[in-house]
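Biologist: I'm new to this one. Can you put it up and walk me through it?

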Amino acid sequence: MRGKICLVTGSTNGIGKSTAIELARMGATVVIVGRDAQKTSEVVQEVRAASGNPNVDSLVADLSSQQEVRRLAHQFKNKYSQLHVLLNNAGAVFMQRQLSVDGIEMTFALNHLASFLLTDLLLDIIKASVPARIINVSSDAHASGKIEFDNLQGERSYSPRAYENSKLANILFTHELARRLEGTGVTVNALHPGFVATGFAKNNGKVIAALVSIFAPLVARTPAKGARTSIYLASSPNVDGMTGKYFYDSQVISAAPQATDMVVARKLWDVSTEMIL
């Protein structure tokens, strides 16, 4: 990975942080993205120390805000002329419906639209860096998801299943983007990291945070193990040229049938495009 530049969102904790450390150990220049400036700065030092690689940088952005996503892309382009790996890792679950600063339901805004917009804004620099890879962290929760265009943001009814729908959107986005980038030298793949013990879901109040802290370590993978497929897709020569696939434990597996519906994928693309204009 020496000479490669990698941008990893959601990398101040959990899977993203473990991914950043390992890519840095491999010699890549790693740019981590986090919401909190102080924590992001601290993680940069931690990744540098753990990897022995000084080429670890950071950018701060709240990815639920389209303005901040645009600023993030602008700042990256001002500093770097290439991007070999874009790893869309940031995501969250919200038990109660809430809106982003743009008036968009938070799960959809953060888990889908942020990756959609950031990828679009960086696509020119990614194409200029071929061979290059885009990696979208999804979940096996997508199998219970459904894209309802008349309830895309939980306008009619909302439940935490919005998370499952957003993870389905990640794979539909992967398939449609892979189709559009065919022959460019840019590959796009999605993955399920497994159930991982991270800070995930702790944003939903003290009771849920306490339950997650107690039970997740008993049954979940460590962040290092959960990061393995992300690292594999970012670095392995075994996936050169492979695109539009869904991975688990560094192996191609079948996504749920609704994740391969290209009619829905194209409509979701069109609707998403309208929402970022």
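Modeller: Start with pLDDT, the predictor's confidence in each residue, from 0 to 100. This is a predicted model, where local features need pLDDT of at least 70, side-chain atom pairs count only at pLDDT 80 or more, and totals for chains, interfaces and linings use all residues. Residues are numbered from 1 along each chain as its sequence is written, and side-chain values use heavy atoms, with hydrogens and water left out.

Biologist: What is the mean pLDDT of the chain?

Modeller: The mean is 91. Of the residues, 90% reach 70 or more.

Biologist: Where does pLDDT stay under 50?

Modeller: Over residues 200-204. The model gives that stretch 16 contacts (heavy atoms within 4.5 Å) beyond four places in sequence. Residues 207-216 are also below 50, with 12 contacts beyond near neighbours in sequence. Where pLDDT is low, the predicted coordinates should not be read in detail.

Biologist: New topic. How many aromatic pairs are in the whole structure?

Modeller: The search finds 5. Rings of Phe, Tyr and Trp (its six-membered ring) pair if their centres lie within 6.5 Å; planes under 30 degrees apart are stacked, over 60 edge-to-face, the rest tilted.

Biologist: Which helices hold Phe116 and Trp269?

Modeller: Phe116 is in H4 (residues 106-127) and Trp269 in H9 (residues 262-276), so the pair ties together parts 153 residues apart in sequence. Helices (H or I, at least four residues) and strands (E, at least two) are DSSP runs, numbered from the N terminus.

Biologist: Is Phe116 buried or exposed?

Modeller: Phe116 counts as buried, at 4% relative accessibility. Trp269 is buried too, at 14%. Buried means under 20% relative accessible area, exposed over 50%, partly exposed in between (1.4 Å probe, protein chains only). Phe116, Phe173 and Trp269 form one aromatic cluster.

Biologist: Now Lys17. Which helix is Lys17 in?

Modeller: Lys17 sits in helix H1 (residues 14-25). Lys17 is buried, with a relative accessible area of 18%.

Biologist: What is Lys17 in contact with, leaving aside neighbours within four places in sequence?

Modeller: Lys17 then contacts Gly10, Ser11, Thr12, Val43 and Glu46.
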